[in-house]
Amino acid sequence: MTLTKIRTAAAGSLAAAGLLIALAGCSTPANQPSASDSPASASASASSSSSSGECAGVKVIVDSGALKQAAASTSTCVSVDGPTVASKVLDEAKIKTEGTTQYPDAVCRVNGVPAADFDVKHKDGTYREECKGMPAASAYWSIWIKPESGNWEYAQEALSTQKVKPGESLELLFTVDGEPAAPAA
């Protein structure tokens, strides 16, 4: 098997994993308490990163990746006292996400990107995100978590249930045709 085929297969597997994670967030049992019901839920507030780029809270990164749309791309530090639901951290960072009609926890837009009238070019043509069903497997937002000392990993839950804690990083990354396959180091 050539290196190109291996990379293509790996990118396809990553895309499928991202879709499964988004769907998993939609299947949370109704009787499970939300983070806001928990007395231990932590408070969060946005703050600037230090000039060295270090963040004592959660570093939040939005990378429009292959779209190269500055409206979506940002990086900030959000102060948290302990484990905090990712959606709350994004709210504090003033990052707006939209789900789809069918799957509200599946991220289809971040800060309005990709816009409904924007043609996302991919290997099979163009695609417009309508935010009705599951985003396309060839063009989608993925959710990544990086521990304080470790490597980026796909989030295991949707933004509404995934918790992040001080020292971790949270990234929303737009991937087209498997590129970029993961956040930058």
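V60 touches T74, S75, T76, V78, V89, L90, A93, I95 and L170, leaving aside residues up to four places away in sequence; a contact here means heavy atoms within 4.5 Å. The model is predicted, so local features need pLDDT of at least 70 and side-chain atom pairs count only at pLDDT 80 or more, while totals for chains, interfaces and linings use all residues. Residues are numbered from 1 along each chain as its sequence is written, and side-chain values use heavy atoms, with hydrogens and water left out.

V60 also belongs to the largest nonpolar core, which has 29 residues. Such a core is a set of buried Ala, Val, Leu, Ile, Met, Phe, Trp, Tyr and Cys residues joined through side-chain atoms within 4.5 Å. Buried means under 20% relative accessible area, exposed over 50%, and partly exposed in between (1.4 Å probe, protein chains only). Along with V60, the residues with the most contacts inside this core are I95, W141, L170 and L172. Two or more residues each come from β2 (58–63), β3 (74–80), α2 (86–92), β9 (139–146) and β12 (169–176). Helices (H or I, at least four residues) and strands (E, at least two) are DSSP runs, numbered from the N terminus. Another core of six residues lies apart, and Y140, W144, Y154 and L173 are among them.

The whole structure holds three salt bridges, each a side-chain nitrogen of Lys or Arg within 4 Å of a carboxyl oxygen of Asp or Glu. One joins R109 and E98 (3.6 Å, N to O), linking strand β6 to strand β5. R109 is buried at 8% relative accessibility, and E98 is partly exposed at 29%. Another joins E130 and K132, both exposed.
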